Amino acid sequence: MQFSDLYQPIEQDAWQRAQAVKLLICDIDGVFSDGRIYLGNQGEELKAFNTKDGFGIKALLNSGTQVAVITGRQSQIVQTRMESLGVPYIYQGREHKLDAYAELKQTLSLSDEQVAYIGDDGPDLPVMEKVGFAVAVNDAHPLVKRVAHYTTMLPGGFGAVRELTDLLILAKGGSLGTEGTSS
């Protein structure tokens with residue numbers, strides 16, 4: 001199965017960049033979620049996550065690719081969701097994402113070319129300008145799309161992460177099975 005059979009055509013440069021990836025870093029708001037934050041009367045914060053994205057993260061981890069999240073906000077919801085998916089590197093409250101990016105590269109002994117980052121807005125740009133494979137969700141800010149090597153067909157919170165995990169798995173010669181654990 002080819003990636004373009006599932007989603008959209010991909011340029012050769014983006015495909016080659018995807019083949020080199022050993023770590024996927026994701027933003028949260030606007031990427032894993034649709035960017036909306038629901039606030040309740042008691043001050044509680046709610047976010048919606050797509051189970052397809054969760055399945056994709058688990059499949060990517062099972063394929064041997066590392067996964068991390070870097071977000072400028074701090075939320076127990078994010079911590080709980082990412083831990084439930086098995087994401088080992090969770091950086092929250094990081095408005096300056098380059099510091100967390102440098103820590104990850106050092107911890108995992110990776111070069112920029114071995115890292116993919118998916119984002120949607122201005123705070124993601126500094127990291128996206130450094131990584132080997134920068135990805136924008138379909139509804140990202142135009143400046144983010146301009147920097148991206150690939151823009152997803154799907155918007156943030158509605159399967160964009162799954163689209164990217166499928167791309168990364170297929171680029172490395174893996175297959176997209178339907179077996180696995182819940183997402």
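Predicted model: local features only at pLDDT ≥ 70, side-chain atom pairs only at ≥ 80, totals over all residues.
Let me begin at one end of the sheet, where strands β7 and β8 run parallel and are joined by 2 bridges, and two strands count as paired if DSSP finds at least two bridges between them. Helices (H or I, at least four residues) and strands (E, at least two) are DSSP runs, numbered from the N terminus. Residues are numbered from 1 along each chain as its sequence is written, and side-chain values use heavy atoms, with hydrogens and water left out.

Let us stay with the sheet. In β8, the residue that bridges to V135 is Y150. The whole sheet is open and has 6 strands in the order β5-β4-β1-β6-β7-β8, with parallel pairing. Its edge strands are β5 (89-91) and β8 (150-151), each of which pairs on one side only.

Now to β1, residues 23-26, which pairs with β4, residues 66-70, in the parallel sense over 4 bridges. Within that pair, I25 stands opposite A68, and C26 has V69 as its bridge partner. Strand β1 is also joined by 4 bridges to β6, residues 115-119, and these two run parallel; here C26 stands opposite I118.

Which residues of β1 are buried on its two faces? L23 and I25 lie on one side, L24 and C26 lie on the other, and all of them are buried, where buried means under 20% relative accessible area, exposed means over 50%, and partly exposed is in between, using a 1.4 Å probe and protein chains only. In β7, likewise, F133 and V135 point one way, A134 and A136 point the other way, and all are buried. As background, side chains in a regular strand alternate between the two faces of the sheet.

That brings us to the nonpolar core, meaning a set of buried Ala, Val, Leu, Ile, Met, Phe, Trp, Tyr and Cys residues joined through side-chain atoms within 4.5 Å. The largest one has 54 residues, and those with the most contacts inside it are L24, I25, F32, I57 and F133. Helix α8, residues 160-171, gives the largest share of this core, 8 residues. Leaving aside residues up to four places away in sequence, I25 touches several others, including A68, I70, Y101 and I118, where contact means heavy atoms within 4.5 Å.

Next, the helices. Helix α3, residues 51-62, lies across β1 and β4 and runs at about 135° to β4; axes here are lines fitted to C-alpha atoms, for helices over the stretch in contact, and angles run from 0 to 180 degrees between N-to-C directions. Helix α3 also packs against α4, residues 76-85, at an angle of about 45°, with the axes 9 Å apart. The two are therefore oblique to each other, given that angles under 35 degrees count as roughly parallel, over 145 as roughly antiparallel, 65 to 115 as roughly perpendicular and the rest as oblique. In this packing, T51, G54, I57, K58 and L61 of α3 meet R81, S84 and L85 of α4.

How do α2 and α8 lie relative to each other, and at what angle do they pack? Helix α2, residues 12-19, packs with α8 at about 80°, with the axes 8 Å apart. The contact is made by W15, A18 and Q19 of α2 and L167, L168, L170 and A171 of α8.

I will finish with two loop residues. T152 is found in the loop between β8 and α8, and at 1% relative accessibility T152 counts as buried. Its side chain reaches the backbone oxygen of L154 at 2.6 Å, and a polar atom of that side chain lies 3.0 Å from the backbone nitrogen of N138. These are polar contacts, that is, pairs of N or O atoms within 3.5 Å; within protein, one must be able to donate a hydrogen and the other to accept it, and residues adjacent in sequence count only if both atoms are side-chain atoms. D139, by comparison, is in the loop between β7 (133-136) and α7 (142-147) and is partly exposed, with a relative accessible area of 45%. The side chain of D139 reaches the backbone nitrogen of G156 at 2.9 Å.
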